[in-house]
Amino acid sequence: MKKTNDTTIHKTGLGARASRRLSNTVIYIILILITCIWLFPFFGIVLESFRVETTQQVPYLFPKEFGLDNYIRLFKETDFLKWFGNTAVMGIATAVLQTVFILSMSYVLSRLRFKGRKGLMNFMLILGMFPGFLTLILIYKVFSELGLTNEMAPVGLIIVYCASSGMGYYVSKGFFDTIPKSLDEAARVDGATRWQVFYKVIMPLSKPIIIYTVLMGFMAPWGDFMMANYIAHQTSDGMNVAVGMFEWLSRTNLNTHYTMFCAAGVIVAIPVVTVFLFLQKYYVEGVTGGAVKG
Amino acid sequence: MKRLSALEYLKLNKFQAFLYNLKLFFCAIPLWFCKLGRGILNFFKNCGLAIVNEFKDIGYTFAKGNWAVKLSFFIFGFGNFFYGQFLRGMLFLLFEIVFVFFMFVPIGGNPLGTGLYWLDKGNWFKVGDTVGTVQGGFQYDPIYDTDVWVPGDDSVKVMLYGLLTIIFIIGFIYTWRLQVKQCRICMDITAKGKKVRSGKQDMKSLLDDQFHKTLLSLPLVGILAFTVLPIIYMVLVAFTNYDARHDGYSNLFSWVGLEHFNALFDFGKGGLGLAFGEILSWTLMWSFFATFSNYFLGMFVAIMINKKGIKLKKLWRTVLVMTIAIPQFVSLMYVSKLFDSSGLIGRILGQIPFIDRYLDVNHFTSLWDSPDVAKVLLIVINIWIGIPYIMLMATGILMNIPADLYESSRIDGANTFQQYTKITLPYMLFVTGPYLLTSFVNNLNNFNVIYLLTGGTGNPINTDIGTAGGVSVGHTDLLITWLYKMTLGSADTRYYDASIIGICVFLVVAVLSLIVYNIIPSTKNEEDYK
């Protein structure tokens, strides 16, 4: 009786190891598959951007002739550089302004208690349920009166991106919530004003969330099509990359602009991916933290 | 329905327990409505009480106040001056002067003041009347010897200025109440022999106990000007006939009351109601599949990467995170073309006999033309887009689950699957409950994925519902993309329909959120997380 028991244990031990090895192999296969699927489009876009023989879509992936023709055409024949500049300016301005807005809103809601705080939060929650871009109908009218469309569209867009950004306070509020309240109280007891607590105690501790907010602000204009198309659709001078490049893949332009789109896509991706990979750690912290706190 | 005690509940077998829970859930639904109704009633009751109290207080202040307080009922900030608060007094007085000047002082030849002028022009809510009174038109100009455009009112502007004036008036009433209250407080403080706050102290307190006002001022002004005001404006538009033909400038638009809301109940071909129903059902379906497919697959990937013994964890994660960094419009539009008829994947898939025949029979040239295939493709591609986010989030949460839970369950003989269903999943669901809701709502409004993959000019989509709201409706259109098309780039733009649909979207989201917030446990207490 005892003997059989031992063998079973022995067997399961062996079996467990074997099954673990098997399951690990399966997982590796799945992960490699996932990696291939996820990276395929990006390999595709990079490869196609170097294709010289044709500007159309082709049934094979690797170009028959490599060259920089698409990139040269991009800068010589189109307004791409202008769009790129616009988007970069918007990215930097939005990163700064949006951070100021979001941080002050979330700090107040997280750490200060005042009359109407709960009401304000509910109000913004309800406000957020309204489809946001409908506000653009009026904003566009007003902006065109003020001259903030056409060539000045980037300025208008910066205002649109930043003005209401206080409503996106959730992630950073979640972060501030995790900083112990006793820190504030200790500083207050020592005679610090609330401004000093904010500036000298909490802000130095908030580097991750500040970087996260800056990163989000910087990335927003690069990917935004919806708002940018609304404000900047008239003149090529005021467009961001998304709006400008959108037309290249329309039925009429597809065959002449397809490879150029790929080239432009590669160039657009470079700054964003570089910044992102450097600050990846903070992004991950923001995503995980924000989700947990709701 | 009778609630079972804990002991009785444990006696039930699994199926009975499930039935019991189901019954409990459905029995609770009427209760929610009761709660909701009671909540609304209470809200109005509280509002009414607050207003009554406010008036009582004002009357009391006037009766008991000294002459300075009484005078400040008419001259803003007089009480503040009287008690030595010059800064506040100045601000209040300035506000009143500006207001009176704006409202009543006639400038530029019109007999009314600016504010009254704009209010009067708006013909507010008079059904059948135009917004603005002077219609622009062509008139003969002897100098140029031809008809020239003589601009009249612009309804858009008239309505906006009118709205601003109304907001100004509300602000005026609020400020009046505020300064009366402050005078009263000053009086009380002085009566007790204490000193009121000086202007210098006021300024200082803005960095201390009034610090929230300083920090909030900028974001709140932004939200009021760029979200609240335009939303109120858009809601008002629903009661007008503001569209491409009545654009306010070349043709004044007018108030029509609830007329356009009737279209919501028009279920005929091209009717707003039919289109809304169809699109809403697809939107909900899309949102459901998009949210949960991402959620479970993303969690699955995270669990795989996190598993003990798997090497190169950082590499796998970085590969997925890379895809977040690349601007969505680049990857989405490229992928959309990949699946198109002449794209790489589209061609390969098109050569599979089964798919080929399906496309042929229906005269579809590409996969995107077929409504069902397109919908499936959207969900699949959305998985490609969404998994990295969930993976990151799930990784963080999975690491928070105490490892000894797993160990003790293994000793008790649980296998991996049981561990997943009994430990991982409940924990994840509890922690990410609010996230699931936000992500569901975000997917309802997921403009990028839908519009960049199918809704743009490059991909003609089957238009079965025909046109509704002045634009052709595609099979894959969500409410948000439909709205977008309605307001931009259509010759038959109907802002009023867009506004009505916008209100409906708001209602859908609000009702959904309300229900979900009532079900999930982890939203109950904000302070719990601290």
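How many residues of chain B are in contact with how many residues of chain A? Show both chains together: 96 residues of chain B are in contact with 101 residues of chain A, where contact means heavy atoms within 4.5 Å.

Before you go on, note that this is a predicted model, where local features need pLDDT of at least 70, side-chain atom pairs count only at pLDDT 80 or more, and totals for chains, interfaces and linings use all residues. Residues are numbered from 1 along each chain as its sequence is written, chains are lettered from A and ligands numbered from 1 in the order in which they are written, and side-chain values use heavy atoms, leaving out hydrogens and water.

**Stop 1: between the chains**

The area buried between chain B and chain A is about 9000 Å², and carbon and sulfur atoms give 77% of that. Buried area is the accessible area (1.4 Å probe) that two parts lose on being put together, summed over both. Now select F226(B), F329(B) and Y334(B): in chain B they lose the most area to chain A, together 8% of what that side buries.

Next, pick K157(B) and E145(A), which form a salt bridge with the closest N and O atoms 3.5 Å apart. The term means a side-chain nitrogen of Lys or Arg within 4 Å of a carboxyl oxygen of Asp or Glu. The rule finds 2 salt bridges across this interface.

**Stop 2: helices 3 and 10 of chain A**

Helices (H or I, at least four residues) are DSSP runs, numbered from the N terminus. Axes are lines fitted to C-alpha atoms over the stretch in contact, and angles run from 0 to 180 degrees between N-to-C directions. Residues that meet here include F84(A) and I102(A) from helix 3, and F218(A) and W222(A) from helix 10.

**Stop 3: helices 3 and 9 of chain A**

Look for L103(A), Y107(A) and R111(A) in helix 3, which meet residues of helix 9 including R194(A) and F198(A).

**Stop 4: helices 7 and 9 of chain B**

Finally, select residues 155–191 and 211–237 of chain B, helices 7 and 9, which pack at about 125 degrees with axes 11 Å apart. Among the residues that meet are L160(B) and L164(B) in helix 7, and I232(B) and Y233(B) in helix 9.

Terms used. Helices (H or I, at least four residues) and strands (E, at least two) are DSSP runs, numbered from the N terminus.
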